[in-house]
Amino acid sequence: MPSALSEAESAAVPRFGAGMKLRFDQVRDAWVVLGPERLFLPDEHAVEVLKLVDGTRSVAAIAATLAEKFAAPAAAIEADIWPMLQDLSARGAVRL
Amino acid sequence: MSKIFPPPAPPVPPPHPPPMGLIAELTHRCPLQCPYCSNPLALDPVASELPSEVWLRVIDEAAAMGVLQIHFTGGEPLARRDLAGLVYRAAKGGIYTNIITSGVTLDDRAMAALKDAGIDHIQLSFQDIDPTENDRIGGYKGAFAKKRAAADRIRGAGLPLTLNFVIQRHNAGRVAEMLAFAELLQAERVEIAHVQYYGWGLKNRAALLPTRAQLEDSTNVVEAARERLRGKMVIDYVVPDYHAARPKSCMGGWAQRFINISPAGKALPCHAAESLPGFDFPNVRDVSLAQVWESEAFRRYRGTGWMPEPCRSCDRRELDWGGCRCQAFAILGDAGLTDPACELSPQHYLMAEAAAESAAPAPAFVYRRLGVLVS
Ligand code: SF4
Ligand code: SF4
């Protein structure tokens, strides 16, 4: 069971790193994140999160939206997406 | 969460997944003369360069095939007057556009034109953090100041900035200063890239290759900085193969992810492949990019079917794809052998011997020039 987020973590507002773009690729029928000399093929879960990253929604707000969409508890989703966002941040795809 | 995108019906497997990236070497012209330039010793003369119409066609074909990123490089891509037009076409086709430049000719006008064309990212290369050394290595007085100004222009245009520092024995001790400079400019990304020993780099190997101790120092500096700058600045680090135990996954495997087009239009699995004999590399003047991707030259070392031992039965064969074909040819005279950078190669000692030479005094550089005798 992943641990609950701190207040500061829930309030963090992720945004795309400079030069990072999420786009749908028709040829591969998949979402891709394109950036400075790198690209990521995010899995389905990451895609759901990345589609909500807009520089205004907080981690809590993203989790709330997904909770509604997938009828799951927001706290569990928050705990799931935080490590994912940290990983994306370490790779420069998002800023936290 | 799979409700949103129900899995599509299993598609008929295509011949090979489409390329991710197109490397467009627009020209071999460059105001600099770096002695480790990755261009071949025999540079394409300007008269042989592809005309704009062909590049535009290739870009359209790339977009249709599923190329996701295009890297405009050279030589100095800004030497081409049609650069902004090519960027525009690629951006319109949904391709992520990147320019790799030395920056000395990136003036206000060029920057504005590229910005209007929709450029996504510019990588600015430096030869050293010490201005005098920077200018000596590039063979261009005042280059450092111009690069510094180019960095400000890129920032001013609101674009993400990548600084690229090329590391060799004369500057390997200054990696910490390079990273501090990148931090000062608030670069999103920095490449600390040791020279790769092909083309001009191989010719100048004795003048460039760092000692193992120098390499280890630079690795330590990079690792400490990565820890400190996590989430703020991405640091990509490229090491030379000579002190390594295993080869790099060169280009993500021969013809697996990239197509490289030379200034004259030759389609190659990597920029160095032009040096390989016994290949009939297709030219984009004559064939489409889709034909290039399925050509004999591209299929020859694709995947694992071509592999000899020790690669054939090695559990890393789909991780490094047997290393670099061009290095196997350059060192062993046979592109179809295991990369000698691998400790498991029976000829690994050749790399180790060359690495040992790095302790000897450095000879003078042979500067990259059109018309230098190729030996
Ligand atoms: S390595 Fe130096 S000489 Fe070669 S293209 Fe780049 S800037 Fe020009
Ligand atoms: S034997 Fe071949 S596949 Fe195995 S590590 Fe060496 S180069 Fe890579």
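Visitor: Where in chain B do I find B:G75?

Guide: B:G75 sits in the loop between β2 (69-73) and α2 of chain B. Helices and strands are DSSP runs numbered from the N terminus (helices are H or I with at least four residues, strands are E with at least two). Bear in mind that this is a predicted model: local features need pLDDT of at least 70, side-chain atom pairs count only at pLDDT 80 or more, and totals for chains, interfaces and linings use all residues. Residues are numbered from 1 along each chain as its sequence is written, while chains are lettered from A and ligands numbered from 1 in the order in which they are written.

Visitor: What is the omega of the peptide bond from B:G74 to B:G75?

Guide: Omega is near 15°, and that bond is cis. The bond from B:E309 to B:P310 is cis too, with omega near 5°. B:P310 is in the loop between α11 (296-300) and α12 (325-332) of chain B.

Visitor: Why does B:W321 count as buried?

Guide: A residue is buried if 20 or more other C-beta atoms, placed from the backbone, lie within 10 Å of its own, exposed if 12 or fewer do, and partly exposed in between. B:W321 has 26 C-beta neighbours inside 10 Å, so it counts as buried.

Visitor: And why is A:A71 called exposed?

Guide: A:A71 has 6 C-beta neighbours inside 10 Å, so it counts as exposed. This alanine also has a positive phi, about 50°, without being a glycine. You'll find A:A71 in the loop between α3 (59-70) and α4 of chain A.

Visitor: How do you know that B:K232 is exposed?

Guide: B:K232 has 12 other C-beta atoms within 10 Å, so it is exposed. B:K232 lies in the loop between α9 (212-228) and β7 (234-238) of chain B. Its C-alpha atom is 9.1 Å from that of B:A187, 45 residues apart along the chain.

Visitor: Which residues of helix α4 (131-138) of chain B are buried?

Guide: They are B:N134, B:D135, B:I137 and B:G138. They cover an arc of only 165° around the axis, which puts them on the same side of α4(B). That arc is taken from the directions from the helix axis to the C-beta atoms. Their cover includes β4 (121-126) and α5 (143-156) of chain B. After α4(B) comes B:G139, whose phi is positive, near 65°.

Visitor: What makes a group of residues a nonpolar core?

Guide: A nonpolar core is a set of buried Ala, Val, Leu, Ile, Met, Phe, Trp, Tyr and Cys residues joined through C-beta atoms within 7 Å. The largest one has 125 residues, and B:A62, B:I70 and B:V87 have the most contacts inside it. Helix α2 (residues 83-92) of chain B gives this core its largest share, six residues.

Visitor: What does B:I70 touch, leaving aside its neighbours within four places in sequence?

Guide: Its contacts include B:L22, B:I59, B:A62, B:A90 and B:I95. Two residues are in contact if their C-beta atoms, placed from the backbone, lie within 7 Å.

Visitor: Which residues come nearest to ligand 1?

Guide: Of the 13 around ligand 1, they are B:C30, B:L32, B:C34, B:C37 and B:S102. A residue is near a molecule if its C-beta atom, placed from the backbone, lies within 6 Å of it. Ligand 2 has 14 residues around it, with B:C311, B:C314, B:R316, B:C342 and B:L344 the closest.

Visitor: How do you know that chain A agrees with a compact globule?

Guide: With 96 residues, a compact globule would have a radius of gyration near 12 Å, and chain A has 13 Å, which agrees. That radius is taken over C-alpha atoms, and the globule rule is 2.2 Å times the number of residues to the power 0.38. Chain A has four helices and five strands, in the order α-β-β-β-β-α-α-α-β.

Visitor: How many residues does each chain give to the contact between them?

Guide: Chain A gives 22 and chain B gives 24. On the chain A side, the elements giving two or more residues are β2 (21-25), β3 (30-35), α2 (44-50) and α4 (74-90).
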